Amino acid sequence: MAARRTLKIGLIPGDGIGKEVIPAGRRILEALPASLGLKFDFIDLKAGWETFQQQGVALPDETVSVLKSDCHGALFGAVSSPTTAVKGYSSPIVALRKKLDLYANVRPVKTVLTAPKPIDMVIVRENTEDLYVKEERTIQTPDGPVAEAIKRISYRASHRIATIAGEIALRRQKIRAAGAPSIHSGPLVTITHKSNVLSQTDGLFRSTARDALKDPRFASVAVEEQIVDSMVYKLFRQPEAYDVIVAPNLYGDILSDGAAALVGSLGLVPSANVGEGFAIGEPCHGSAPDIQGQGIANPIATLRSAALMLEFLNEEAAAAKIYAAVDANLEEGKLLSPDLGGTAKTEEVVQDILRRL
Ligand code: ATP
Ligand code: MG
């Protein structure tokens, strides 16, 4: 059967275990059943610490231009960072988010349904502003230095992040309706903020998110709010209650790492950096220098990141196949990598999941 669509995907393994898990991401995409009508063209691209040492830049211009002009999406592994600041080196993924205007960081946190306390939520973090504009200054006073930072919240950024959160909630409901088993009965978006203290900045985030979610196309989505401190409490006490959580940059950062801790290993947690019509899948873990080169890295965070990327390229059916194959591996629990208490190598886990696909 002729391919219905060819997706061009940039592959950026980066450093450390990034080089071990990104090839697994490529293989799972290649192994998707032909009946889906998808074909992939892969383009190998460079970024990271090793690239910096070879070329003097962590993110070569070529990587950015190929992603911009030739790719539908990309998979990004991980990059090592020097422990002390090195002149000229800065994080390539942070730069990529800026250059490609990837304004949403999306992090699903999910256990298998057979877990004693199943969890299935997505944290949607605004990725362009808030305290991350990094406009800081230090004023010398007679009582010693005083440091300040700008927290910038805009209507535009708050509106688009709440809108994509609503769209994600609808899509998750669609996938459930198509028969995927779930712990949720309907779509829910929880807006997180601290507007009781920061009435202007977080107040604007809150009111804008509320407005955006009043759009008639979100009529079926329930909307609620949580003050961020109580959000953390509930996230740990009652994680099963949450479906989609939307938050400004800093709270989103903290909530997503906290939520990742609920599922046992960093090796399981995917993410996507999403902009208009473009998505980069990226496992949440780093380059894991402590296990690199041993062939024992858990590939699941990357496989799920590949699926998540496909979701944002409107290939939900393909994404669902990958999720199901991964869940089946975890549910059976026979071929697990060491971070999950097993003894399987990366290659054995990949083989098992490919077989289920
Ligand atoms: P970096 O500076 O690149 O983030 P790190 O030393 O902080 O490196 P992480 O990659 O963040 O390391 O990982 C934190 C811990 O989790 C490490 O002990 C690592 O071995 C483990 N870990 C991370 N990813 C995986 C994975 N995919 N499979 C197994 N263990 C992992
Ligand atoms: Mg780390």
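With 11 C-beta neighbours inside 10 Å, Asp-101 counts as exposed. The model is predicted. Asp-101 sits in the loop between helix H4 (92-99) and E4. Its phi is near 50°, a positive value in a residue other than glycine. Most residues other than glycine have a negative phi. The points below go from the whole chain to single residues.

**Overall build**

- The protein has 11 helices and 12 strands.
- Along the principal axes, the C-alpha trace spans about 65 × 50 × 40 Å.
- Of the 357 residues, 45% count as buried.
- Take the contacts between residues at least 6 apart in sequence: 73% of them join residues at least 24 apart.
- UniProt, in an unreviewed entry, places the feature "domain: Isopropylmalate dehydrogenase-like" at residues 8-353.
- That span, residues 8-353, is 38% helix and 20% strand. Its end C-alpha atoms lie 23 Å apart.

**Two domains**

- The domain assignment gives domain 1 as 1-111 + 263-357. Domain 2 is 129-246.
- The centres of domain 1 and domain 2, taken over C-alpha atoms, are separated by 25 Å.
- Seven residues of domain 1 are in contact with eight residues of domain 2.
- On the domain 1 side, strand E4 (104-110) and helix H10 (316-332) each supply at least two of the residues that touch domain 2.
- By class, that side of domain 1 has five nonpolar, no polar and two charged residues.

**Surroundings of ligand 1**

- Ligand 1 is surrounded by 18 residues.
- The closest are Gly-267, His-285, Gly-286, Ser-287 and Asn-298.
- The shell around ligand 1 divides into eight nonpolar, eight polar and two charged residues.

**Leu-303, in helix H9**

- Leu-303 lies in helix H9, which covers residues 300-312.
- Leu-303 has 30 C-beta neighbours inside 10 Å, so it counts as buried; the cut-off is 20 or more.
- Beyond neighbours within four places in sequence, Leu-303 is in contact with Ala-24, Gly-25, Ile-28, Ile-322, Val-326 and Ile-353.
- Leu-303 and Leu-29 are 274 residues apart along the chain, yet their C-alpha atoms are separated by 8.7 Å.

**Gln-226, in strand E9**

- Gln-226 is found in strand E9, residues 222-227.
- Leaving aside neighbours within four places in sequence, the contacts of Gln-226 are Thr-190, Thr-192, Met-231 and Lys-234.
- The C-alpha atoms of Gln-226 and Ile-245 are separated by 9.4 Å. These two residues are 19 apart along the chain.

**Asn-314, another positive phi**

- Asn-314 has a positive phi of about 65°, although it is not a glycine.
- Asn-314 is in the loop between H9 and H10.
- Asn-314 is exposed, with 12 other C-beta atoms within 10 Å. Exposed means 12 or fewer.

Technical notes. Residues are numbered from 1 along each chain as its sequence is written. Chains are lettered from A and ligands numbered from 1 in the order in which they are written. This is a predicted model: local features need pLDDT of at least 70, side-chain atom pairs count only at pLDDT 80 or more; totals for chains, interfaces and linings use all residues. Domain bounds come from an automatic or database domain assignment. Two residues are in contact if their C-beta atoms, placed from the backbone, lie within 7 Å. Helices (H or I, at least four residues) and strands (E, at least two) are DSSP runs, numbered from the N terminus. Ala, Val, Leu, Ile, Met, Phe, Trp, Tyr, Cys and Pro count as nonpolar, Asp, Glu, Lys and Arg as charged, and the others, Gly among them, as polar. A residue is near a molecule or strand if its C-beta atom, placed from the backbone, lies within 6 Å of it. UniProt positions are given in the numbering used here, feature names are shortened, and annotations may be inferred rather than shown by experiment.
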